[in-house]
Amino acid sequence: MTDPTALPDAIRTFVDATNAADTERFVAAFAADARLNDWGREFRGHEGIRSWNSTDNIGVQAHFEVVDVAAGEHPDTYVVTLAVTGNGYNGTGPMRFHVHDGLIADVDIS
């Protein structure tokens, strides 16, 4: 297990903004051309991320607790295991992040 406090700033913002229900801060953690894949559903760019956020994240009062952080297979990639609670999905699972230039470029939720 890697120290959960060692998250890159953009991923820390992803978690903290979700927990604070701060949509603007959440969306700002992503690159303008970011991609988010949620079990095969693709969302692209800030508007796509905002849409996913409203239906599957802050919009359903999601709350994240970081369980584990590990280096991914490629540079600047991270596998973050999150315990999720709220009025949508509840459970624990991995999210794979790619960070580029200090922003989230890619997220895979599976």
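## The largest pocket

A pocket is an open set of points, on a 1 Å grid over the protein atoms alone, where a 1.4 Å probe fits and which has protein on both sides within 12 Å along at least five of seven lines, and its lining residues have an atom within 4 Å of a point. This is a predicted model, in which local features need pLDDT of at least 70 and side-chain atom pairs count only at pLDDT 80 or more, while totals for chains, interfaces and linings use all residues. Residues are numbered from 1 along each chain as its sequence is written, and side-chain values use heavy atoms, with hydrogens and water left out.

Of its 21 lining residues, Asp38, Val84, Tyr89, Met95 and Ile109 are the closest to its centre. Helix 3 (45-56), strand 4 (77-85) and strand 5 (91-100) each give two or more residues to this lining, and strand 5 gives the most, with four; helices (H or I, at least four residues) and strands (E, at least two) are DSSP runs, numbered from the N terminus.

## The second largest pocket

The second largest pocket holds about 200 Å³ of space, and its lining includes Gly72, Glu73, His74, Arg96 and Asp108. Strand 4, strand 5 and strand 6 (103-109) are the elements that give two or more residues to the lining.

## A residue in helix 1

Thr18 lies in helix 1 (residues 9-19), and Thr18 counts as buried because its relative accessibility is 2%, where buried means under 20% relative accessible area (1.4 Å probe, protein chains only).

Key. Points joined across faces, edges and corners; volume = space filled by probe spheres on them. Buried < 20%, exposed > 50% of the residue type's maximum accessible area, 1.4 Å probe, protein only.
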